[in-house]
Every structure is written in C-alpha cells, then in structure tokens.
Amino acid sequence: MTGPGSQWLDDEAGPIVRSYALTRGRARPATGEAFDMITMVSTVAQPRSGSPGIGPEHLDILEMCVRPQPVAEIAARLRLPLVVVRVLLGDLLHHRLIVATRPQPESGTLSKEHLLREVLDGLQAL
Amino acid sequence: MVSKPSEVAGPAEDEESVPAAPVAVKILVAGGFGVGKTTLVGAVSEIRPLQTEELLTDRGVGVDDTDGVEQKTTTTVAMDFGRITIRDGLVLYLFGTPGQDRFWFMWDELSFGALGAVVLADTRRLADCFPAVDYFENRGLPFVIGVNCFDDGYDYTAEEIREALDVGRGAPVVLCDVRERASGKEVLTTLVKHLLAVHQEQNRENVSAL
C-alpha cells in the first residue's frame, strides 16, 4: 500500500465507516478513565431501549464484556482502533453500563513477589 | 447484528456484586523489524495472536500537497498480542511492540505497568535491538535478551552477545528459536526468574537503606 487515497481498497482496508464517525468526532473518552490496554472491562448493566448515544458498537462491547475482557481484546475482536474503543468505553462508563478494573498498581512487596511466582509456575506448566 | 440481550444484568447500583474481573499482567516483546516478535508471541500464546491498531494523526509531511491546504495523514500502528492464562483469575498478555523507532511514545503506554520485557535480537542485525535495550535500561524496566538463532545467522555464544550489546551482567541472554514453543517458554521463564531476582535485590536494598 502506498498511502491513503492512492488506490481502491478492498475489505482489508476495514470498515467503510470512518472511525471518527463512530465516535462522533471525539478523540478522547468522555470520562477521565485512561483505559490501559489490559484494563479489564465488565458489563454490569444493559441500556434501556433507545438510550441516546448508545449505538451498535456500544452494544457489541456490552455483549462481549459479559465475560470481562481487556481493552486490547475488545479492540482486536471488534477490529476497531484503540482510540475509538476508548471513546466508546468512556460512553459506556459514563452510562454506568460497564466497570473498568485497572491493572494492579504496584501494591505491597509481598504481593508482587507472589504474583511473579504465580506467573513463573504458570509458565513452567505450559 | 446484536441480538436483544436475553438476561438483563442488574442496575448499576449493584456494581459490587459483579464477579471480580481477572487480574491481567503484561510482558512486552521488543526488537527490530522482522526479528520474530509475533512468532514468539504466537508460539506461546493460547490464542492466535490478535492485532490492535492505534491511529496516529501526523501533520502531513512530504505528501502531494494541494496548495496551502494543511494535510493530515493517519498512520496505523499495529500491535500483535497473545494471551496465556496462568490460572483462573490471572492472565498474562504478551505485547509485541511496534518495530519502528518513531513510535516510541507508544512504548511508554505499553510499558506502563508491564512486569518486564523480552528484547529479541538477530545476530545478523544485532544493532536493530539497541534502541529497545536503551529504552528499557533508561526506563528501569527489567528485560532479558532473546537471541533468535536463524539458520543462516552467525554462531555466537550468549557471552559474546552480552559483550556486543554492552548490557553488563544485568540482563540475562538466552539463545532461542522463537518458532519453538519450548524455546519461547524458556525465554519467558528466564525473564520471570530475572524479575524475581531484581525484585528481591531491590527489597534487600530497601531494607539495608533503613
């Protein structure tokens, strides 16, 4: 590929709807949440029918996150750029339809060691 | 199309009753273009590597400009990642970093909260991994160097690679074949053992500083 607009693109180019149309031109989530790639998203409620501002992509996310999913998997499975998914997640968080669980911050020293040992055991069992 | 949800979850006030989300941790896989980052991720991941894309808007430079109209071009940076379920409730994600140096700022986001990193090196183009080594050293993120042994690559020992990269005694160097699951697994376990050692070292230093 030689660049945008230079050739006729097929399915590989992704959806015909521009990403920013899905977010109505917004580049940042409505809430302050940063949505790290491994922030876990869990669906906690369904929107009332006809909730303003909730589109099909929002519903896709809600359906997917009945089992908690990280932001990166949501973006990959919906084939949407991260920046778009973050905006959509911000909407859902604003409507209190999802809960976002951030990756564990560096908590106590013991727990970090415990975590690393668990990861090591898990890897060795592969 | 989305089917109408058959069961309606409780209202938002019930947030506390939602089952705890799994804890996710991440390890980065860095290195030059074509060194085998995605191959390594794929060899150990329980899913076929998935891809996320980040859209970057650059002010157009050097594009065929239409007189004075400011052009913006959108660049897509793709990142491949895989998943390893460590146990119920603990999931490890492996992220391949974008190969090109000009996406450094993406690395900041990726390395935030990461446990550590694997820097993959190719003995035919050793210099390609220097930026990643520098980056993780500056950031203080512990890493191991995985030397992917290509069939037509030169035969170096781990010690020779360590000297060539000037990483001192800090980072372990592992020779590997990233196409092999067992080999990829060894790279990762070496990293996590190293992370444990670094962690314990830091604890000792903290204690003696008291």
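Colleague: Among contacts in chain A between residues at least 6 apart in sequence, what percentage join residues at least 24 apart?

Modeller: This is a predicted model, and the value is computed from its atoms. The contacts considered in chain A are those between residues at least 6 apart in sequence. Of these, the share that joins residues at least 24 apart is 78%.

Colleague: Which element of chain A has the highest mean pLDDT?

Modeller: Chain A as a whole averages a pLDDT of 83, with 79% of the residues scoring at least 70. Among its elements, helix α1 (residues 19-22) has the lowest mean, 71. The highest mean, 96, belongs to strand β1 (residues 40-43) of chain A.

Colleague: In what order do the elements of chain A run from the N terminus on?

Modeller: The secondary structure of chain A comprises five helices and three strands. Read from the N terminus on, these elements follow the order α-β-α-β-α-α-β-α.

Colleague: Which strands of chain A stand at the edges of the sheet?

Modeller: Three strands of chain A form an open sheet with antiparallel pairing, in the order β2-β1-β3. Each edge strand has a single partner, so one side of it is left without a neighbour in the sheet. The edge strands of chain A are β2 (69-70) and β3 (98-101).

Colleague: Is α2(A) roughly parallel or roughly perpendicular to α4(A)?

Modeller: Two packed helices are described by the angle between their axes and the distance between the axes. The axes of helix α2 (residues 56-64) and helix α4 (residues 82-94) of chain A come within 10 Å and cross at roughly 75°. Angles of 65 to 115 degrees count as roughly perpendicular. Therefore α2(A) and α4(A) are roughly perpendicular.

Colleague: How many residues of the contact of α2(A) with α4(A) are nonpolar?

Modeller: From α2(A), the residues A:Glu57, A:His58, A:Ile61 and A:Leu62 take part, and they meet A:Leu88, A:Leu89, A:Asp91 and A:Leu92 in α4(A). One residue of this contact is polar and two are charged. The number of nonpolar residues is five.

Colleague: Why is A:Phe35 classed as buried?

Modeller: A:Phe35 lies in the loop between α1 and β1 of chain A. Its phi is near 50°, a positive value in a residue other than glycine. A residue is buried if 20 or more other C-beta atoms lie within 10 Å of its own. A:Phe35 is buried because the number of other C-beta atoms within 10 Å is 24.

Colleague: Is A:Arg96 buried or partly exposed?

Modeller: A:Arg96 is placed in the loop between α4 and β3 of chain A, and its phi is positive, about 55°, although it is not a glycine. The count of other C-beta atoms within 10 Å of A:Arg96 is 13, so this residue is partly exposed.

Colleague: Which element supplies the largest share of the side of chain A that touches chain B?

Modeller: The contact takes 40 residues from chain A and 42 residues from chain B. On the side of chain A, β1, α2, α3 (71-78), α4, β3 and α5 (109-124) each supply at least two residues. The largest share is eleven residues, and it comes from α5(A).

Colleague: Which strand of chain B is joined to β1(B) by seven bridges?

Modeller: Eight of the nine residues of strand β1 (residues 23-31) of chain B are buried, so this strand is largely enclosed by the rest of the structure. It pairs with strand β5 (residues 116-122) of chain B in the parallel sense over five bridges, where B:Ile27 stands opposite B:Gly116. The strand joined to β1(B) by seven bridges, also running parallel, is β4 (residues 90-96) of chain B.

Colleague: How many residues of helix α1 (residues 37-44) of chain B are buried?

Modeller: The buried residues of α1(B) include B:Lys37, B:Leu40 and B:Val44. The helix is largely enclosed by the rest of the structure, because the number of its eight residues that are buried is eight.

Colleague: What ipTM does the predictor give the complex?

Modeller: For chain B, the mean pLDDT is 81, and 78% of its residues reach 70 or more. Over residues 1-16 of chain B, however, pLDDT stays under 50. For the complex, the predictor gives a pTM of 0.82 and an ipTM of 0.81.

Definitions and conventions
Residues numbered from 1 in each chain as written. Chains lettered and ligands numbered in written order. Predicted model: local features only at pLDDT ≥ 70, side-chain atom pairs only at ≥ 80, totals over all residues. pLDDT = per-residue confidence, 0-100. Helix = DSSP H or I, 4+ residues; strand = E, 2+ residues; numbered from the N terminus. Pairing = 2+ DSSP bridges. Axes fitted to C-alpha atoms, helices over the stretch in contact; angles between N-to-C directions. Parallel < 35°, antiparallel > 145°, perpendicular 65-115°, else oblique. Contact = placed C-beta atoms within 7 Å. Nonpolar A, V, L, I, M, F, W, Y, C, P; charged D, E, K, R; others polar. Buried ≥ 20, exposed ≤ 12 C-beta atoms within 10 Å, placed from the backbone.
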